Amino acid sequence: MDDIRFYHLQRQTLEEALPTLMQKVAEAGLRAVVKANDKATMDTLDKVLWDFDPASFLPHDKSGCDFPEDQTFFLTTEENNPNTASVLVLVDGASYAEFEPFDRCLYMFDGRNEDIVATARADWKRWKDGEWTISYWQQKETGGWEQKA
């Protein structure tokens, strides 16, 4: 992996911000694995990706589907990459032991949850002196993201 980007959610929820970032991944012609900590979060994100915009479509499915290898976006609670994704999306402090199959990690965390913020800080410290380019992004008041570090 070359690049880890921390996305600090302050003005939007994960459910509001994830579809926009996934659109950008899709526009770049890339595939992603989205890893959540639990099945409830995975199921919520699945619904959000289906419902966020009636005028567009983000092709995806989740663990247990029949054809995971065909998915542009694959949602999971496990450490797997059945769709040969180059982008790993970790949400709310989810962990992943082996980054090697991926080129980029988008680490999205809720700034309103102190436990998740503490996990994000610990992960930042652990990874900042690693072999990756690491960056920190905050939501702007007008929408979008601004790189802060």
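Biologist: What volume does the largest pocket have?

Modeller: In this predicted model, the largest pocket has a volume of about 170 Å³. Its lining includes Arg5, Tyr7, Leu21, Lys24, Val25 and Trp145, and the elements that give two or more residues to it are strand S1 (3-9), helix H1 (14-27) and strand S6 (104-110).

Biologist: Which element gives the most to that lining, and what is the make-up of the lining by class?

Modeller: Helix H1 gives the most, with 3 residues, while the class count for the lining comes to 8 nonpolar, no polar and 3 charged residues.

Biologist: Why is Cys65 called buried?

Modeller: The term buried is used under 20% relative accessible area, and Cys65 has 17%, so Cys65 counts as buried.

Biologist: What makes Cys105 count as buried?

Modeller: Cys105 has a relative accessibility of 0%, which is under the 20% cut-off, and therefore Cys105 counts as buried. As for disulfides, a search of the whole structure finds 0.

Biologist: How do you know that the radius of gyration of the chain agrees with that of a compact globule?

Modeller: For 149 residues the globule rule gives a value near 15 Å, and the chain has 14 Å, so the two agree. Taken along the principal axes, the C-alpha atoms fill a box of roughly 40 × 35 × 30 Å, and 44% of the 149 residues count as buried.

Biologist: How many helices and strands does the chain have, and what pattern do they follow along the sequence?

Modeller: The chain has 3 helices and 8 strands, which read along the sequence as β-α-β-α-β-β-β-β-α-β-β.

Technical notes. Residues numbered from 1 in each chain as written. Predicted model: local features only at pLDDT ≥ 70, side-chain atom pairs only at ≥ 80, totals over all residues. Heavy atoms only, no water. 1 Å grid on protein atoms, 1.4 Å probe; cavity = no way out; pocket = protein on both sides within 12 Å on 5 of 7 lines; lining within 4 Å. Points joined across faces, edges and corners; volume = space filled by probe spheres on them. Helix = DSSP H or I, 4+ residues; strand = E, 2+ residues; numbered from the N terminus. Nonpolar A, V, L, I, M, F, W, Y, C, P; charged D, E, K, R; others polar. Disulfide = S-S within 2.5 Å. Buried < 20%, exposed > 50% of the residue type's maximum accessible area, 1.4 Å probe, protein only. Rg over C-alpha atoms; globule rule 2.2 N^0.38 Å.
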